[in-house]
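Please keep the model open alongside the notes.

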Amino acid sequence: RCKNLSVSFWNSYWMLPSDVCGMNCFWEAAFRYDYMKTQPSEKMHLAVVACGERLEETVTMLRSAIIFSIKPLHFHIFAEDQLHESFKDILDEFPYEGKVNYTLYPITFPSESAAEWKKLFKPCASQRLFLPLILKNVDSLLYVDTDILFLRPVDDIWSFLGKFNSTQIAAMAPEHEEPRIGWYNRFARHPYYGVTGINSGVMLMNMTRIRRKYFKNDMTPVRLQWGEILMPLLKKYKLNITWGDQDLLNIMFFHNPESLYVFPCQWNYRPDHCIYGSNCKAAEEEGIFILHGNRGVYHDDKQPTFRAVYEAIKNYSFGDDLVHSLLQPLERELQKTTHTYCGRVYKVFIKQLTRSIRDFYARRSKG
């Protein structure tokens with residue numbers, strides 16, 4: 001089938017060798033499975049990159065996005081070839097016909113530097129840097145790491161796109177709220193955004209603006225576009241960066257701070273917000289909106305509060321009563337974690353979730 005279809009655009013864009021076409025052919029690996037027919041403007045586009053043992057974690061994230069979201073979702077899933085069939089088998093069983101569709105893509109980097117990009121930080125992590133160049137027909141996109149859980153509708157973070165001013169092209173949350181425990185301000189050997197840097201695990205992008213923008217930089221007096229600046233940045237800073245592509249984003253927005261919209265911390269709540277004592281005041285007041293279980297905390301016993309939320313969403317069956325099958329069992333598990341710092345503030349983990357469930361049933365009662 002690949003031989004009979006044109007892949008010249010894909011090959012020429014990334015300068016891939018012709019023998020890549022085959023099982024890795026873009027047409028084969030980026031096959032679309034549509035559950036619905038909607039206008040592009042009606043959809044929210046969400047992207048994730050999954051490599052290695054991240055299938056279950058990614059699916060749990062997608063489940064959390066589906067549960068409460070209102071507008072239709074289109075998932076752009078970038079995954080290693082061996083994961084594609086598993087994703088298809090699982091996602092095809094999701095019961096939300098009319099709400100979700102998805103596209104699977106191969107992991108792809110510019111061929112002349114593919115090895116360098118793939119080994120940067122974690123395998124495949126730097127794929128996110130190339131999303132504006134690959135998804136050329138997508139105007140706006142929410143990128144999230146696999147270890148993200150949505151505790152309120154995706155619609156709410158998507159609405160921040162309408163709050164961007166004329167210069168802003170992307171939105172992220174600070175890496176830390178408390179400089180005394182900040183990593184960038186204490187250890188970074190490169191420029192970074194703001195006081196404590198930014199975390200790229202949740203990144204909302206106006207990709208049309210990203211593709212059009214010319215970025216200030218410290219490599220040349222000439223401003224460079226997104227596709228022109230990535231490799232020079234890597235070459236200059238590769239010996240000084242620890243967190244890979246996130247560091248490169250920090251460098252870019254250090255030089256172009258007017259281009260970034262900053263989320264409050266409850267939109268990207270991580271263990272650092274509670275393991276040294278609670279330091280995300282917005283979450284204390286309003287609850288956690290998006291939970292980010294970095295450092296593998298969903299899969300070990302170091303932070304049982306985070307793991308309890310993950311297990312609750314992973315085990316929830318679509319269509320079951322959200323109060324009795326999700327909220328109440330979760331609260332019972334969270335009450336067992338009060339011996340930990342994060343467990344002491346366990347109510348911030350269910351405050352927004354409770355509100356989201358209430359709103360879900362309110363919308364449902366209105367038809």
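Thr337 sits in the loop between helix H14 (322–334) and helix H15 (341–344). Helices are DSSP runs of H or I with at least four residues, numbered from the N terminus. This is a predicted model, in which local features need pLDDT of at least 70, side-chain atom pairs count only at pLDDT 80 or more, and totals for chains, interfaces and linings use all residues. Residues are numbered from 1 along each chain as its sequence is written, and side-chain values use heavy atoms, with hydrogens and water left out.

**Thr337 surroundings**

- Beyond its neighbours within four places in sequence, Thr337 is in contact (heavy atoms within 4.5 Å) with Pro304, Thr305, Gly343 and Arg344.
- Gln303 is 34 residues from Thr337 in sequence, and their C-alpha atoms are 8.5 Å apart.

**Thr337 polar atoms**

- A polar side-chain atom of Thr337 lies 2.7 Å from the backbone oxygen of Leu334.

**Helices H10 and H11**

- The axes (lines fitted to C-alpha atoms over the stretch in contact) of H10 (residues 226–237) and H11 (residues 245–255) come within 11 Å and cross at roughly 110 degrees.
- That makes H10 roughly perpendicular (65 to 115 degrees) to H11.
- Trp226, Ile229, Leu230, Leu233, Leu234 and Tyr237 in H10 meet Leu248, Leu249, Ile251 and Met252 in H11.

Conventions. Helix = DSSP H or I, 4+ residues; strand = E, 2+ residues; numbered from the N terminus. Polar contact = N/O pair within 3.5 Å; in protein donor to acceptor, adjacent residues only side chain to side chain. Axes fitted to C-alpha atoms, helices over the stretch in contact; angles between N-to-C directions. Parallel < 35°, antiparallel > 145°, perpendicular 65-115°, else oblique.
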